[in-house]
Amino acid sequence: MIPTQTLARFIHAQEKQVPQSTGELSDLLTSIALGVKIIARLVQTAGFKGLQGYTGRVNVQGEKTHLLDEEADQVLMELLGSSGHFGLLVSEERDSVVAAKEGRRDAKYVVAFDPLDGSSNIGTNIPVGTIFTIFRKVDPDKEAQHDDFLQKGRSIVAAGYSIYGAKVSFVYSCGAGVHGFTLDPDVGEFVLTEEKIVIPDKGKIYSVNEGYYPIWDEPTIKFIESIKKEDEERGTPYSGRYVGSLVSDFDRTIRKGGIFLHPANKKRERGKLRLLYECMPLAFIAEQAGGRAVDGTCDILDIKPQNIHERCPFIAGGKYEIDWFMRVMAETRG
Ligand code: P6P
């Protein structure tokens with residue numbers, strides 16, 4: 001089969017539907033897709049190219065960094081920094097914002113990314129991925145500022161993620177639905193495989209690390225207990241699935257439905273996942289796919305980040321499950 005609907009063609013076709021588009025966003029997405037292809041090869045060959053294992057350093061999160069984390073970060077910093085369209089970049093691997101190597105004063109966008117989420121799973125061949133989110137600068141006449149990253153997720157221009165697994169997939173949205181692509185390794189092109197991903201309103205799968213049960217708060221315990229008990233009318237118990245790799249658990253949730261939870265707990269009142277480059281881009285995708293993403297109190301896209309590395313509880317899924325979760329939160333908290 002000749003792959004005709006490639007990512008590049010699809011992006012340019014989408015661009016033509018936006019009268020005032022300049023093609024910059026299309027160029028950015030193409031740059032990100034190139035970075036994803038390069039990172040895919042690094043992940044697939046890490047085992048025999050000496051790229052598995054740790055660097056011996058810790059990142060701003062206080063986590064031991066993997067060699068692949070830094071390689072993936074470097075790929076995106078180089079590619080996106082030289083695209084000319086970004087003024088500033090934020091990476092999970094960097095303490096503060098980074099000025100684009102060839103950033104022009106009139107560059108319209110800023111980008112935040114997690115270059116390789118789930119890298120702790122690398123050695124066991126569990127899928128990992130890259131997550132990104134793009135904002136316009138708040139003031140187009142000014143150079144990009146740190147505060148351009150502290151916008152609510154409702155202002156996201158485009159966001160998406162890749163998964164380096166049995167296939168390399170690329171899922172993104174520019175605010176007109178969620179589109180899925182699969183890398184054709186024979187030609188090195190991403191080919192459209194799902195023009196519009198829509199999350200089922202009600203699913204049958206819940207996804208959470210139950211090892212945290214002893215330190216969950218009461219509302220979370222009540223919800224998880226209710227999704228596991230026999231109730232014919234509600235269609236419970238749901239099946240449990242947990243990969244421990246955010247992009248994999250999230251991607252399964254938007255395709256098959258149900259709910260993914262990485263909630264707050266007594267040791268981490270604001271959870272583990274990062275708001276700017278994990279929760280917000282995936283919340284944008286979840287809403288574009290017809291679902292919801294909350295922190296237990298409000299929709300993630302209504303939260304204004306206070307700093308570029310802040311954490312956030314992340315619960316995402318179909319409207320049925322998220323509405324149910326939020327009702328239990330409200331009832332239990334009183
Ligand atoms: P836990 C992987 O380390 C990661 O950052 C995400 O990819 C994943 O969803 C989460 O942490 C798993 O966290 O606390 O269940 O090990």
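The largest nonpolar core in this predicted model comprises 44 residues. Within that core, the residues with the most contacts are Leu-116, Ile-134, Tyr-164, Phe-170, Tyr-172 and Phe-190. Helix H2, residues 24-45, supplies the largest share of the core, namely 10 residues. Apart from it lies another core, of 42 residues, which includes Ala-112, Leu-276, Tyr-277 and Phe-284.

Let me take Leu-116 as an example. Setting aside residues up to four places away in sequence, Leu-116 touches Ile-39, Val-43, Leu-68, Asp-69, Ala-72, Ile-122, Val-128, Gly-129 and Tyr-164. Of these partners, Tyr-164 is itself listed among the core residues with the most contacts.

I turn now to helix H2, and to one residue there, Ser-26. Is Ser-26 buried or exposed? Ser-26 is buried, because its relative accessible area is 5%, and the cut-off for burial is under 20%. Which side chain does the side chain of Ser-26 meet in a polar contact? The partner is the side chain of Glu-15, at 2.6 Å. Beyond its neighbours within four places in sequence, Ser-26 is in contact with Ile-11, His-12 and Glu-15.

Finally, I come to helix H6, which spans residues 275-288. This helix is mostly covered, with 12 of its 14 residues buried. The buried residues of H6 are Leu-275, Leu-276, Tyr-277, Glu-278, Cys-279, Met-280, Pro-281, Leu-282, Ala-283, Phe-284, Ile-285 and Ala-286. Among them, Leu-276, Tyr-277 and Phe-284 belong to the core of 42 residues. After H6 comes Gly-290, with a positive phi near 95 degrees.

How values were computed. Residues numbered from 1 in each chain as written. Predicted model: local features only at pLDDT ≥ 70, side-chain atom pairs only at ≥ 80, totals over all residues. Heavy atoms only, no water. Buried < 20%, exposed > 50% of the residue type's maximum accessible area, 1.4 Å probe, protein only. Helix = DSSP H or I, 4+ residues; strand = E, 2+ residues; numbered from the N terminus. Core = buried A, V, L, I, M, F, W, Y, C linked by side-chain atoms within 4.5 Å. Contact = heavy atoms within 4.5 Å. Polar contact = N/O pair within 3.5 Å; in protein donor to acceptor, adjacent residues only side chain to side chain.
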